[in-house]
Amino acid sequence: MTTISRLAVALERKPLWLIPLALGLLLMFAPYLGMDPSWTRQFMLIAIFTLVVSGVNLSFGYAGELSLGQVAIYAASAYTAGILSIHGHGLVVEMAAAVAVAAVLGFASGIPGARLAGWGLAMSSFFLVIMVPDVVALLGEWTGGYSGLAGIMPATVFGRMLEPNEFYMVVIATMLVWVAIVRNLVTSRHGKALQVLRQSPVLASSLGINVYRTKMTAYVLGAIPAGLAGALFAHVDLYLAPESFTFQLAIAFIAASVLGGSESVYGAFIGAFLLQVGPMQTAGFAEYALVAYGAFLIIGGVLLPGGAAGLARSIWARIRSYDPGPTDTQTSGVSVQPPAANASLDIDPIVGKSLRVSGLVRTFGGVRALDDVTITAEPGRVTGLIGGNGSGKTTMLNIVSGFYRPTSGAIELDGRPLGRTSPHKVARLGVARTFQTPLIPRNLTTLEVLSTARYARHYSSLLSAVLRLPGYRRQARKDRERGMTVLRVLGITHLADVQADSLPLGSRRVVEMARALVAEPAVLLLDEPASGLDGEEVEGLARVVRSIAELGTTVILVEHNFELICRVSDQVHVLEFGKLIASGTPEHIQDDPAVQRSYLGEDLEAAQETSSDEEPALELVEAGTAPNAWDAEKGPANA
Amino acid sequence: MLTLWFGISAGAVFALIAIGFNIVYIASGKLNFAQPEFLVLGMFVSYMVTSSLDWPVLASIPIALVIGAAIGVLEERIAIRPLRARAHGELVTTLGWSVVMAGTFMLIWGPEPLTVTGFGSDRMIDFAGGRTSINSIVIVVLAIVAAVGLHYWTRSTISGLANLATAEDAEAAQLRGINVRGLTIMAFASAGGLLGALGPIVGPKTYAIATLGALLVMPAFVSMAIGGYGSFIGVLLGALVVGVAQSFSGRYLGAQYANLSLFVILMAVLLLRPQGLFGMRAERTV
């Protein structure tokens with residue numbers, strides 16, 4: 001490490017959140033520090049937009065679904081607050097009611113989005129925006145219809161009417177409090193869980209995270225600031241009309257979110273600031289505004305997936321790891337130290353569960369990917385599963401972990417039938433897994449990656465994360481302790497604070513293994529952990545797999561590597577075209593004539609080359625089963 | 001009866017846009033939010049050709065086709081290709097593209113509705129118990145021909161099947177020698193060209209308005225959601241349902257209910273049968 005990077009890392013440990021807080025407080029008291037009054041209205045609108053954009057960030061940036069409905073929620077809340085104000089209620093009541101309305105709408109509009117990835121939410125929420133004028137007109141008796149809602153009173157708090165400067169301070173303070181909440185939320189394990197969810201729902205559910213529930217939570221959370229914003233907006237001009245809540249505004253909010261960085265906390269303010277002070281300000285620019293917003297969306301979507309905040313982050317990451325010479329993480333990151341002799345003392349024994357699969361059949365169209373397979377895996381043992389491409393190995397793992405339903409047959413975990421259980425529930429029953437291509441979320445350190453595996457099983461509430469209650473701190477400390485223990489056992493403590501997704505393949509595999517181990521799994525499913533590793537790394541892997549089994553876990557190892565399977569497994573099952581052709585101890589398997597015919601009889605390389613041509617139909621099935629990059633990545637090395 | 005016919009002829013316009021959605025979706029697995037803007041583009045081109053250049057209205061069809069196809073290719077190049085495999089990146093970029101197109105129309109032609117010259121067929125005739133224009137009948141026939149034709153094309157030709165394979169799994173298709181990028185470009189070009197060419201035909205019915213695209217995108221999407229992603233016949237039927245539902249709720253409940261009824265339909269479909277009436281459910285992949 002160089003001086004620069006050491007300085008950067010040291011700086012990161014300091015409470016940097018004090019800087020935005022100080023700036024925010026400065027902004028709050030600006031009217032008393034001689035700020036031009038014309039800026040008061042400007043900054044109020046920026047603060048209000050920051051709230052809405054921060055809501056967009058939560059649902060789009062963190063939960064990963066584009067919602068255009070913030071404007072509709074903002075409108076509904078503004079009208080709710082406005083009508084309450086006319087009936088003589090104070091700001092506190094208005095805000096509470098507006099947030100309630102917002103939460104209900106966020107929940108309702110999120111239902112299709114959570115059920116149906118991609119366009120469902122974008123379109124149904126877009127629809128909400130289109131319907132704003134219609135609904136306002138239909139409820140004309142209360143909303144004033146197209147002519148607008150006049151007669152809103154200036155904001156009152158506990159019966160006292162606020163001075164303009166006092167109202168300004170309330171607006172800025174609301175923004176500060178909300179930004180602090182978001183900051184605490186996204187830096188907590190809840191934030192990491194959302195990041196996992198966004199990048200891979202498959203990974204999230206295999207870690208026991210309920211995808212549907214977590215997404216809904218994010219939508220409701222994303223609606224709350226729009227509610228606050230609406231309540232405040234009603235008192236800015238004391239007048240509301242449907243023209244204030246247009247499709248164009250919805251686009252502007254998304255553009256602001258993308259510009260500032262959707263996956264960021266403070267980016268919302270930057271985006272809102274640019275939105276308010278930029279295009280809207282210069283009169284000549286107004287007619288170009290639409291084209292400019294559109295261009296922002298395209299440029300932001302194509303070039304800057306992280307927006308302004310993402311740009312800053314990647315520059316920071318570069319400074320942090322600045323080093324002209326070869327870095328130690330790059331060269332030695334892969335090496336897996338043999339677990340120390342007393343490793344099993346460091347980590348508590350695990351109570352394994354026996355897994356029994358009987359008569360399992362799975363068909364895809366007309367192809368029988370698995371055909372009457374019966375396998376038992378016992379605690380403390382390594383059960384090996386071997387077979388060529390398309391033999392059904394991965395399909396088997398996917399059925400056990402709940403991603404596929406079996407066509408027929410039974411799966412039992414300590415006597416409890418699985419088969420129809422959803423993936424996150426299977427994970428919570430103690431089944432952990434790794435993937436053929438390691439699934440490591442971006443922008444997380446190794447320790448943070450490990451903490452995501454404890455999220456579901458050692459849950460601490462959102463509230464305790466936001467308020468940083470003792471319960472949350474205890475949980476965070478335990479996450480770190482458990483993570484470090486596992487890293488020590490695997491001999492990779494030096495990777496603790498490194499960006500895990502940028503590690504070389506071998507290290508990412510070990511990080512995945514560590515993540516599975518942190519969850520203290522009763523059953524561990526390893527999907528081709530050795531592919532892409534060199535001889536020495538495979539050695540290390542073999543030792544790790546053995547010691548995990550010795551802790552008591554039931555290990556199921558799926559591999560191409562015949563030699564590795566025979567060395568670490570207690571029981572080996574050989575699959576071919578979905579059928580079990582042999583089962584027994586490694587010695588027994590090596591002598592089996594059917595296995596010898598498929599595996600050992602021919603020159604290995606010739607076997608690899610022909611195997612991919614022989615079974616095109618089945619390969620297609622595997623292509624559907626596994627992301628295809630895997631097939632390309634595996635290459636002929638481990639056929 | 002007249003209400004029913006109004007619904008059907010509006011539905012035909014939705015169907016044409018939804019067919020454009022479908023062409024792109026089948027070839028690339030993406031949804032082009034900007035698709036309706038190409039129809040609007042065709043209307044403005046027709047307006048320009050007839051009023052500014054004083055050329056015959058028929059000439060506007062090939063011109064709009066070429067311009068629509070060219071802009072489609074441009075969109076693919078700028079807003080789609082750089083995304084590579086990023087999941088749902090096109091949500092933001094095609095939305096941005098549609099806003100740029102609508103904003104450009106606004107800059108060039110202003111916000112007021114412009115009359116698009118018809119083909120001398122605005123003549124009203126008696127049809128189905130009411131009076132209607134020949135133009136409306138032509139649009140309905142075109143929608144049916146396009147949907148049925150594309151349905152058979154995708155199922156009976158090699159290039160059609162290649163398209164289907166790509167929608168199913170682009171990478172697998174690529175590994176099997178299908179030129180996925182070429183298909184994607186072709187799809188953006190043909191959807192853009194088709195809708196561009198239809199602009200001069202639909203224009204006389206709707207007028208050319210810069211904000212029309214934003215109004216059409218929703219019903220067209222609902223048509224696709226009802227009919228099922230990737231099914232041309234399904235999309236046609238979905239669009240007819242949408243048109244008729246809008247027209248009846250607008251007539252008997254009031255104008256404000258037209259969108260509301262559509263929203264109810266969309267929610268019902270998304271919740272009860274998310275793959276649409278004719279779509280296939282994709283198996284979840286790990």
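**Ground rules.** I number residues from 1 along each chain as its sequence is written, with chains lettered from A and ligands numbered from 1 in the order in which they are written. Since the model is predicted, local features need pLDDT of at least 70, side-chain atom pairs count only at pLDDT 80 or more, and totals for chains, interfaces and linings use all residues.

**Entry 1, chain A overall.** I looked up the elements and found 30 helices and 12 strands in chain A. Helices (H or I, at least four residues) and strands (E, at least two) are DSSP runs, numbered from the N terminus. Of the 639 residues of chain A, 51% count as buried. I call a residue buried if 20 or more other C-beta atoms lie within 10 Å of its own, exposed if 12 or fewer, and partly exposed in between, with C-beta atoms placed from the backbone. I then turned to contacts, meaning residue pairs whose C-beta atoms, placed from the backbone, lie within 7 Å. In chain A, among contacts between residues at least 6 apart in sequence, 77% join residues at least 24 apart.

I checked H4(A), residues 70-86: its 17 residues reach 24 Å from first C-alpha to last, close to the 24 Å expected at 1.5 Å a residue. The expected span is 1.5 Å times one less than the number of residues. H4(A) is mostly covered, with 16 of its 17 residues buried. Just after H4(A), I noted Gly88(A) with a positive phi of about 85 degrees.

The buried residues include Glu448(A) and Arg454(A). They pack against H9 (189-199), H22 (470-490) and H23 (505-518) of chain A.

Chain B has 11 helices and 2 strands, and from the N terminus its elements run α-α-α-α-β-β-α-α-α-α-α-α-α. Of its 286 residues, 53% count as buried.

H1(B) (residues 2-28) and H2(B) (residues 35-52) pack at about 125 degrees, with axes 8 Å apart. Axes are lines fitted to C-alpha atoms, for helices over the stretch in contact, and angles run from 0 to 180 degrees between N-to-C directions. The two helices are therefore oblique to each other; angles under 35 degrees count as roughly parallel, over 145 as roughly antiparallel, 65 to 115 as roughly perpendicular and the rest as oblique. Which residues of H1(B) meet H2(B)? I find Ile17(B), Gly20(B) and Phe21(B) facing Gln35(B), Pro36(B), Phe38(B) and Leu39(B) of H2(B). By class, this contact has 5 nonpolar, 2 polar and no charged residues. Ala, Val, Leu, Ile, Met, Phe, Trp, Tyr, Cys and Pro count as nonpolar, Asp, Glu, Lys and Arg as charged, and the others, Gly among them, as polar.

The axes of H2(B) and H8(B), residues 180-206, come within 6 Å and cross at roughly 50 degrees. This pair is therefore oblique too. Among the residues making the contact are Gly42(B) and Ser46(B) of H2(B), and Gly192(B), Gly196(B) and Gly199(B) of H8(B). The residues divide into 12 nonpolar, 7 polar and no charged.

I placed Ile209(B) in the loop between H8 and H9 (212-227) of chain B. Ile209(B) counts as buried, with 21 C-beta neighbours inside 10 Å. Trp109(B) is 100 residues from Ile209(B) in sequence but 8.6 Å away in space, C-alpha to C-alpha.

How values were computed: Contact = placed C-beta atoms within 7 Å.
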